[in-house]
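Student: I have just opened this entry and would like a short tour. Can we go through it by question and answer?

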Amino acid sequence: MGCLVSTPKDSGGNRRRPGNIGEVSVYVPGLRIPKSVDFFQSLGGHLSKTLVERLTALRTRIVVMAGQEAPTITRTRRKTATQHGGSTLADLHQALEDYLPVLLGLVTDGSQLQYKVQFIWVNQEDDAEETAMFNAWYEVLSVLHLMAMLLLSQANLLLLPRTSADGYQPKVSEESRRASIDIFLKAAGYLDCAVRHVLPQLPSELRRNLPVDLAEGVLRALCLQALGQGVDIQLGMAIDSTKATLAVKRRLACEMVKYWQQAQDNIMNLPLSNGWGEKHRLFIKWKYIEAKAAAYYYHGLILDEGNTEKSHGMAVAALQAADEYFKESKRACEVFNAAHPLSRNPPLWGTMKYLSEKIPKDTSSKVRINRDLYSYEKIMETAPTLPDFALALKPDEYQLPSADPSWNENVQLSHIGINQVNHDKR
């Protein structure tokens with residue numbers, strides 16, 4: 001059950017198309033924006049006035065905040081984030097958390113109320129301007145998606161380098177890096193819950209007709225993107241640590257490759273044809289190539305520790321692959337930034353700042369040294385296979401909250417009303 005209405009892209013509407021989203025460390029493919037619904041018309045005869053008013057107030061707050069803030073949240077705002085700790089993001093996220101338990105009363109125990117309200121959301125990655133469905137699970141899915149996107153936006157603000165008090169190069173503090181990992185895992189938890197526990201509640205026909213923003217492949221790709229960026233931060237912290245071994249760094253880099261590869265596999269065949277969607281695909285492609293540069297670099301360093309001609313040849317091949325992927329990643333980055341909406345790179349920091357200096361230098365050195373020892377024919381023509389490690393970083397375990405206690409009061413009121421009717425009949 002549940003009726004679908006999609007408004008085509010040429011009909012006009014509320015979709016926001018910023019020309020430039022500023023500096024991007026974490027790409028957020030736009031924020032889907034809810035449109036107003038009339039709960040009194042749909043639910044007035046089924047729920048208490050108090051509960052309908054509460055649903056209305058909670059959702060109206062989200063509609064107003066999202067409509068006002070979405071255009072600015074998707075653009076970099078260093079000053080706001082620094083002075084107020086991303087308060088806009090936190091306030092909207094809290095509004096969604098407050099709304100979700102009350103919303104879930106509509107779907108508790110398979111209630112038929114879930115089909116009474118037409119929920120409307122403005123899309124970003126889909127060709128359709130907006131999508132409306134008479135299904136409360138669609139609303140739950142949209143809320144979880146928006147909660148995750150707000151967290152990714154928060155992570156982006158945390159991971160934009162700040163000019164330090166000592167006047168040296170802009171950098172990201174260790175506190176911000178650690179906080180961003182927690183945020184990535186929390187966002188991944190929302191998306192994982194959406195895929196495993198909310199999508200299956202929708203009839204297959206509605207699932208097929210969801211906007212591409214909420215397609216299973218996009219949700220999985222976003223979840224894997226969050227985990228991949230979390231590992232990237234871990235690798236950067238390992239690079240800064242004197243205790244982290246080459247083996248630890250290689251493992252993290254290889255895990256990062258797998259996350260981005262899986263993200264790309266999930267998104268590559270989806271119809272992401274407009275600005276936000278195509279840019280999303282380009283971001284994942286760029287980060288996948290960048291991760292391979294890091295993995296081959298550390299794999300090459302470990303292979304070079306071997307004492308055989310074969311291991312040295314494999315090390316050179318791995319380092320040459322790292323250098324080629326690094327050059328390719330720079331080209332992929334330029335393509336991503338040039339795609340609309342336009343964006344730009346923040347100052348280099350962390351993993352890629354280190355590797356941008358080390359990969360060209362070490363590759364040049366090893367190739368020159370080994371070229372004197374071995375003929376070019378003895379250097380492997382293809383890069384050695386990367387080690388396959390189990391993925392360690394997992395999404396936070398997020399469970400949908402229980403329905404708000406106000407629904408119990410509504411049931412009690414309903415019983416009182418029924419008993420009163422029966423009494424009047426007698």
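Predicted model: local features only at pLDDT ≥ 70, side-chain atom pairs only at ≥ 80, totals over all residues.

Student: Is Leu210 buried or exposed?

Tutor: Its relative accessibility is 10%. Buried means under 20%. Leu210 therefore counts as buried.

Student: How many residues of α10 are buried?

Tutor: Helix α10 covers residues 275-303 and has 29 residues. From first C-alpha to last, α10 reaches 42 Å, close to the 42 Å expected. The helix is largely enclosed by the rest of the structure, because its buried residues number 25 of the 29.

Student: With which side chain does the side chain of Asp304 make a polar contact?

Tutor: Asp304 lies in the loop between α10 and α11. At 16% relative accessibility, Asp304 counts as buried. Its contacts outside the sequence neighbours within four places include Ala315 and Lys366. The polar contact, at 3.0 Å, is with the side chain of His312.

Student: Why is the ring pair of Tyr190 and Tyr398 edge-to-face?

Tutor: The structure holds 11 aromatic pairs, so we take one of them. The ring centres of Tyr190 and Tyr398 are 4.8 Å apart. This pair links distant parts of the chain, helix α6 and the loop between α12 and α13, 208 residues apart. Planes over 60 degrees apart count as edge-to-face, and here the angle is 90°.

Student: What is the angle between the planes of Phe283 and Trp286?

Tutor: Phe283 and Trp286 are three residues apart in helix α10, which means about one helical turn separates them. Both are buried. Their rings form an edge-to-face pair, 5.7 Å centre to centre, with the planes at 85°.

Student: Which lysine lies over the face of Phe336?

Tutor: Phe336 belongs to a cluster linked by ring pairs, with Tyr27, Trp260, Trp276, Phe283 and Trp286. Lys287 lies over the face of Trp286, at 4.3 Å from the ring centre. Over Phe336, at 4.1 Å from the ring centre, lies Lys279.

Student: Which peptide bond is cis?

Tutor: Most peptide bonds are trans. Look in the loop between α11 (309-338) and β6 (342-344), where Pro341 has its place. Omega is near 0° for the cis bond from His340 to Pro341.

How values were computed
Residues numbered from 1 in each chain as written. Heavy atoms only, no water. Helix = DSSP H or I, 4+ residues; strand = E, 2+ residues; numbered from the N terminus. Expected span 1.5 Å × (residues − 1). Buried < 20%, exposed > 50% of the residue type's maximum accessible area, 1.4 Å probe, protein only. Polar contact = N/O pair within 3.5 Å; in protein donor to acceptor, adjacent residues only side chain to side chain. Contact = heavy atoms within 4.5 Å. Phe/Tyr/Trp six-rings, centres within 6.5 Å; stacked < 30°, edge-to-face > 60°. Lys NZ or Arg CZ within 6 Å of the ring centre and 35° of its normal.
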